[in-house]
Amino acid sequence: MAIFKGAGVAIVTPFDENLNVNYRKLGELIDYQIENGTDSIIICGTTGESSTLTEKEHMECIRYTVDKVAKRVPVIAGTGSNCTQTAIELSEDALKAGADGLLLVTPYYNKATQKGLIQHFTMIAKAVDLPVILYNVPSRTGCNLLPATVAQIFKDVDNVVGIKEASGNISQVVELMHRTQGDIDLYSGNDDQVVPLLSLGGIGVISVLSNILPRETHDIVANFLKGDVKASREEQLRLVPLIEALFCEVNPIPVKKALNLMGLEVGGLRSPLTEMEEAGTERLRKAMKDCGISLV
């Protein structure tokens, strides 16, 4: 059984005016997501600014999310690291906290070999009795998880069940699904490639867009999976300008700006991220208005 099918939100981490984690606001965002059809909450991923959370904050966010969600949808905890032992410890803590699954990004900066990636993910997955989704995003990590490597891990490690594919390389995804006989749970890691990856056997998306349009993102996947490919495709294409605006500066700068423009008050960003430039803000504002989103 897949951890989830549909649209999972890579949820932002809201901060207060002092850039402390705003748990009250995080709770409001979680409720907003679930009430609007989101199929899973992914906490402490890239969009959640995990790289600038302390380990204590990281685990507090996971524990809070598990408690707040209260089994309404699955909670997937981002516990990846470029240090294998750190990732094991975070994963063990997430298991104790009650997370339903783990999202493990490829180790960044180290630039591990494919052999090293097999060792890294195998050690983490075998340390915890939780289903694992691998996360391939070479544009951010400098490390590409190749199809043959994924297939080997998937074959040898029982609780590695899925992959969030954000390489942007459709040919690589085709080879991945070929090598795994289409059995791996494939999630798009790019909001502009949801329908293409669903057509290759994908079962969902782990989405930035869901932060601001949870119902619409859910429907893209739900319509495709029930056979209404036309409706799914049309919504995917309609949202392209907004998706492009959400990535005109590095994630999560634009999506936090978008949420603040909607009046959801998620606060600022921790350094080294900075507030969005004015040109990008105006582009984002226009794209949001064109999609019918109400702004404050």
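Contact here means heavy atoms within 4.5 Å. In this predicted model, helix α6 (residues 147-156) lies across β5 and β6 (160-165). The direction of α6 is at about 155° to β6. Helix α7 (residues 170-179) lies across β5, β6 and β7 (185-188), and runs at about 170° to β6. Angles over 145 degrees count as roughly antiparallel.

**The barrel**

Strands of a sheet pair through backbone hydrogen bonds, either parallel or antiparallel. In this model eight strands close into a barrel, and their pairing is parallel. The order around the barrel is β1-β2-β3-β4-β5-β6-β7-β8. On average, neighbouring strands of this sheet are turned by 25° against each other, direction ignored.

The pair β4 and β5 can be followed at residue level. Strand β4 covers residues 101-105 and strand β5 covers residues 132-136. The two run parallel and are joined by four bridges. Leu 102 stands opposite Val 132 in β5.

**Helices α3 and α4**

Two packed helices are described by the angle between their axes and the distance between the axes. For helix α3 (residues 84-97) and helix α4 (residues 114-127), the axes come within 9 Å and cross at roughly 25°. Because angles under 35 degrees count as roughly parallel, α3 is roughly parallel to α4. The crossing of α3 past α4 is right-handed.

From α3, the contact is made by Thr 84, Ala 87, Ile 88, Ser 91 and Glu 92. From α4, the residues are His 120, Met 123, Ile 124 and Ala 127. By class, this contact of α3 with α4 has five nonpolar, three polar and one charged residues.

**Backbone exceptions**

Most residues other than glycine have a negative phi, and most peptide bonds are trans. The table lists sites that depart from this pattern.

| Site | Feature | Value |
|---|---|---|
| Leu 19 | positive phi | about 65° |
| Ala 70 | positive phi | about 55° |
| Asn 251 and Pro 252 | cis peptide bond | omega about 10° |
| Ser 271 to Pro 272 | cis peptide bond | omega near 20° |

Leu 19 lies in the loop between β1 (6-10) and α1 (23-35). At 30% relative accessibility, Leu 19 counts as partly exposed. Ala 70 is found in the loop between α2 (55-69) and β3 (75-78).

Pro 272 is in the loop between α12 and α13 (278-290).

Gly 267 and Asp 16 are 251 residues apart along the chain, yet their C-alpha atoms are separated by 5.7 Å. Apart from its neighbours within four places in sequence, Gly 267 is in contact with Phe 15, Lys 256 and Asn 260.

Thr 281 lies in helix α13. Since buried means under 20% relative accessible area, Thr 281 counts as buried at 5% relative accessibility. Not counting residues up to four places away in sequence, Thr 281 touches Lys 257 and Met 276.

Conventions: Residues are numbered from 1 along each chain as its sequence is written. This is a predicted model: local features need pLDDT of at least 70, side-chain atom pairs count only at pLDDT 80 or more; totals for chains, interfaces and linings use all residues. Side-chain values use heavy atoms; hydrogens and water are left out. Two strands pair if DSSP finds at least two bridges between them. Axes are lines fitted to C-alpha atoms, for helices over the stretch in contact, and angles run from 0 to 180 degrees between N-to-C directions. Angles under 35 degrees count as roughly parallel, over 145 as roughly antiparallel, 65 to 115 as roughly perpendicular and the rest as oblique. A crossing is left-handed if the near helix is turned anticlockwise from the far one by less than a right angle, and right-handed if clockwise. Ala, Val, Leu, Ile, Met, Phe, Trp, Tyr, Cys and Pro count as nonpolar, Asp, Glu, Lys and Arg as charged, and the others, Gly among them, as polar. Buried means under 20% relative accessible area, exposed over 50%, partly exposed in between (1.4 Å probe, protein chains only).
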